[in-house]
Amino acid sequence: MTARPGPSTLAIHGPPHRLPDGSPATSPIVQTSTFRNPIGGEDEVRYTRYGNNPNQLEVARRYAALEGAEAAIFVASGMAATALAHLAVLGPGDHLVASRWIYGGTRELFDREFSRLGIAVTYVDPAHPREWRKAVRKTTRAIFVEVVTNPLMRVVDIAAVAKVTADRGLALLVDATMASPIGCRPLEHGADVVITSATKYLGGHSDLIAGAVAGSRSVVDEVTRLMRNWGPAIDPHTAWLVERGMKTLALRVERATANAAAIATWASSRPEFAAVHYPGLPDHPDRELTARLLDGAGAMVGLELRGGAAAAARMLSNLRVISHAPSFGGVESLVSEPRLTSHKALGPEERAALGIPDGFLRLSCGCEDADDLIADLANAL
Ligand SMILES: *Cc1c(COP(=O)(O)O)cnc(C)c1O
């Protein structure tokens, strides 16, 4: 093959290569902590915490190909991936510039843990892109952004941020969990490191916790070293489940995106919603960025219900197909209230100022039939 295979092919096979006759069509699960080593052997010891179990290596090989990265590594959660990716490029005395629109857990990691390690963090509002350059100091080593934000589905111009990091010799780390690697491959837009919570779209069935980091061989080697010392290796069975989930990644994202588009269009016509946030809608503020940076508008919809918390509670208690649960990216549709989950720490005023009033619902569209999802929502209203 000459041309680079498409994302569906890469998610199923990784880089195409001929396998021996008699080899299994799917990877065997190598559920072992250790391996028989040659006596007196000088090669790297094989041990599952070291990340060199065949299931760990295989899922990483496929994911690296999908992201267009030199290398990748899977770890035990999205948070472990976020923590280790940053620690691979930052040390005591260093400064990180981060987007203000980020996952609550990541915000906690930066504010509570990084401060203890002597890593300073400055937050920038991505709505004011000139601020990126202004926030950079002498000690700045990296910039961190989420390309699609939770729960307002804003799209951050990572290509513009990549200009700043390239000019200043900084590392650009991008969490693209909300977009999935089908929707956005940040390395194609100038990012140096991509982070994903495989708990979401890669796994795709709400049945595992995992995370991954992809980038240059040297960054991934450093993350691997940190993983060996801090310990959050991924279990072989979980790595195998991620590999299996990835085989249907493109199909699932395609269906879930079509469902999200149908729901967003339907919800826009309903008087019960004060606003609908979906990058595929004509009135979304980031239509141009969506077209430039994303393949598809994604499977997440923000629904702003009139009537605040009481209206939300009423609606949620009437749902029969869509489950009230945090997380996203599975085949089953899930809905959550940011005021009680990701944005709980902020309080009502700060949330309202960010555009997340009480009554805001975040819907993760799954792979059910669109008509059934819309009927479930309509009935609940
Ligand atoms: C869920 C999530 C994480 C954390 O992932 P876990 O697998 O739950 O540790 C980090 N970033 C984003 C954007 C997420 O949605």
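**Reading the sheet and its helices**

Guide: In this predicted model, an open sheet is built of 7 strands in the order 1-7-6-5-4-2-3, and the pairing is mixed.

Visitor: Why is one side of strand 1 and of strand 3 left without a neighbour in the sheet?

Guide: Strand 1 (71-75) and strand 3 (120-124) stand at the edges and have a single partner strand each, so one side of each lacks a neighbour in the sheet. From one strand to the next, the twist averages 20°.

Visitor: Which strands does helix 2 lie across?

Guide: Helix 2 (residues 54-67) lies across strand 1, strand 6 and strand 7 (211-215), and runs at about 125° to strand 1. Helix 4 (residues 104-114) also packs on the sheet, where it touches strand 2 (95-99), strand 3 and strand 4 (140-146). The direction of helix 4 makes about 140° with that of strand 3.

Visitor: Which residues of helix 9 does helix 2 meet?

Guide: The axes of helix 2 and helix 9 (residues 236-247) come within 8 Å and cross at roughly 35°, and this crossing is left-handed. In helix 2, Asn55, Gln56, Glu58, Val59, Arg62, Tyr63 and Leu66 meet Pro236, Ala239, Trp240, Val242, Glu243, Met246 and Lys247 of helix 9. The residues of this contact comprise 8 nonpolar, 2 polar and 4 charged.

Visitor: Let us turn to strand 9. How many of its residues are buried?

Guide: In a regular strand, the side chains alternate between the two faces of the sheet. Strand 9 (residues 300-305) is mostly covered, with 6 of its 6 residues buried. Met300, Gly302 and Glu304 lie on one side, Val301, Leu303 and Leu305 on the other, and both faces are covered.

Visitor: Which strands are joined to strand 9 by bridges?

Guide: Strand 8 (residues 273-277) runs antiparallel to strand 9 and is joined to it by 4 bridges; in this pair, Ala275 stands opposite Glu304. Strand 12 (residues 360-364) is likewise antiparallel to strand 9, with 5 bridges between them. There, Leu303 stands opposite Leu361 in strand 12.

Terms used. Residues numbered from 1 in each chain as written. Predicted model: local features only at pLDDT ≥ 70, side-chain atom pairs only at ≥ 80, totals over all residues. Heavy atoms only, no water. Pairing = 2+ DSSP bridges. Helix = DSSP H or I, 4+ residues; strand = E, 2+ residues; numbered from the N terminus. Axes fitted to C-alpha atoms, helices over the stretch in contact; angles between N-to-C directions. Contact = heavy atoms within 4.5 Å. Buried < 20%, exposed > 50% of the residue type's maximum accessible area, 1.4 Å probe, protein only. Left-handed = near helix turned anticlockwise from the far one by under 90°. Nonpolar A, V, L, I, M, F, W, Y, C, P; charged D, E, K, R; others polar.
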